[in-house]
Amino acid sequence: MSTNATALTGSNFDWKRVLFLLIGLTLFFVVNFAPPWPDAIDPTGKHFVLSKEAKGALAVFLLGGTWWVFEVVPIGVTSLTIGVLQVLFMIRPANSAFKDFMTPSVLFIFASLVIGMVFTKTGLTKRLAYKMLAVVGEKTSMIYLGCFVVTAALTHIMAHTAVAATMYPLLMTIYSMYTDDETPTKFGKGLFMGMAFVAGAGSIVTLLGAARGAVALGFFKDIIGRDVSFFELTFYMFPVGWAMTFLLWGFFMIFFKPERATIPGLREKAKKLSVAMGKITKNEIIAAIIIFACIFVMSVKQFVPFLKPVDKTAIILTSTILFFVLRILDIKDLESIPWNIILLFGGAMSIGFCLWETGAAEWLAINWLTMFQKSNYFVFIMSIAFFVMIMTNFIMNVAAIAISLPVALVIAPYLGVAPEVILFAALVTAGMPFLLLVGAAPNAIAYDSKQFTTGEFFLFGIPASIMLMIVIAVAVAVVWPLMGMPILVK
């Protein structure tokens, strides 16, 4: 019997993989070819029909989610499947389904990954890592905390995708000083998964951490007619974002307590390695100037009138072009880009736009939120937060906000709920997708470390998401009212 035949019939056959592959396909065909589903009806009595295409979008959504969680094929291939199914089953035309694989958001992630490569290639990563280790010391618990605090702090002034791409090589350098073994460890899982989670927690604190904040405030102004300032958002989000940062530190110390409490001699070793690197090189200086210039321009863009129309993707891609023009990077570096991660986000954008454009996402939001239109105000607020949390794991957090916020703000007056608390509760959960890699770019960047599987990410994301919901509950019931946020309409 041939080797291939043995693999198919013997004990090496991966039944689990085949099972979940078939479950994904079954969900797709059952939902796609099911009879028409009932309309969604909003509180004003308006009907929202679930079209054939919208039902097909839900079918693709279920297949993609199943295959991504259980990684039945490489995550980038699942993304390609999402595009192909949309076209083959006439859910969306090819020029829409595949165009989304190269949206500005995907190119922003590409440029962020290139910045991470530059940090590594020039030596900036090692230099920063050694300085950081000299400060935090030899306790692995403090290394966790130091990495998480730096990650959260950086997301206050730059996009969390760029922060994750910057932190990733730094964490790789730190981890290499923990062990030479390529086998995943608890410390490795906690370090990289924790970075992804904390990048989300920190990014809610200011408008600079992600685009979702600006989009949500735009909807809020259009519907409610009131502006929420940069500093008002930061005032209410700061305690929640930093509470989650420190709680996540405790979370990872419990679930992924490092195998070693200390790394003896680490501080001295880091100092020696830092000295051995010598003076900062020309390429390091050039790279740092380019990177921080891009970050500065993106950070001040919204405050400078003539820069407002310029998309942040064009700004960050300018850095990519300059790295190659100035020969800091070459063709070999371009070929080493983790295209699996780029494809992952291409697929995420494609299914997100598919749900949006077909009306499937709106149908889901209305069906979910109208279930709570006669409930207690607290239950209603938490239901919005929960819906956004689930949706932001599957589609763009901007889209999750855009489909749920308008519906929630229409229902809120019937329950006497103030619009401000709905806005902030939704923004908190939109920033912290802890279940799927496609929920946020930092999740996928951390996955490239090969320290954890998609299944592990999902499994440990469940208790982390429960913890997030508890934090929001405390904020709504206690913290925000004490800070002066209106919860109920007087």
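Angles under 35 degrees count as roughly parallel, over 145 as roughly antiparallel, 65 to 115 as roughly perpendicular and the rest as oblique. Keep that scale at hand for this tour of a predicted model, in which local features need pLDDT of at least 70, side-chain atom pairs count only at pLDDT 80 or more, and totals for chains, interfaces and linings use all residues. Residues are numbered from 1 along each chain as its sequence is written, and side-chain values use heavy atoms, with hydrogens and water left out.

**Stop one: helices 6 and 17**

Select helix 6 (104-122) and helix 17 (residues 339-358). Helices here are DSSP runs (H or I, at least four residues), numbered from the N terminus. The two axes come within 9 Å and cross at roughly 160°, so helix 6 and helix 17 are roughly antiparallel. An axis is a line fitted to C-alpha atoms over the stretch in contact, and angles run from 0 to 180 degrees between N-to-C directions. The crossing is right-handed, a term for a near helix turned clockwise from the far one by less than a right angle.

Now show side chains. From helix 6, Ser105, Val106, Ile109, Phe110 and Leu113 meet Trp339, Ile341, Ile342, Phe345, Gly346 and Met349 of helix 17; contact means heavy atoms within 4.5 Å. Colour this contact by class and you get nine nonpolar, two polar and no charged residues. Ala, Val, Leu, Ile, Met, Phe, Trp, Tyr, Cys and Pro count as nonpolar, Asp, Glu, Lys and Arg as charged, and the others, Gly among them, as polar.

Helix 9 gives the largest share, six residues. To find the middle, select Gly116, Thr120, Tyr168, Pro169 and Met172, the closest to the centre among 17 lining residues. About 400 Å³ of space lies in this pocket. On a 1 Å grid over the protein atoms alone, a pocket is an open set of points with protein on both sides within 12 Å along at least five of seven lines, whereas a cavity is a set where a 1.4 Å probe fits but cannot get out; lining residues have an atom within 4 Å of a point. Grid points are joined across faces, edges and corners, and a volume is the space filled by probe spheres set on the points. The pocket lining has nine nonpolar, five polar and three charged residues.

**Stop three: helix 10 and two partners**

Next, pick helix 8 (residues 140-154) and helix 10 (residues 186-203), whose axes come within 8 Å and cross at roughly 25°. Helix 8 and helix 10 are therefore roughly parallel, and their crossing is right-handed. Residues to show include Tyr144 and Phe148 in helix 8, and Phe187 and Met195 in helix 10. This contact has ten nonpolar, five polar and one charged residues.

**Last stop: the largest cavity**

The structure holds three cavities of 30 Å³ or more. About 60 Å³ of space lies in the largest. Among the residues that line this cavity are Ser203, Arg212, Met237 and Leu427, and helix 11 (212-224) and helix 12 (230-255) each give two or more.
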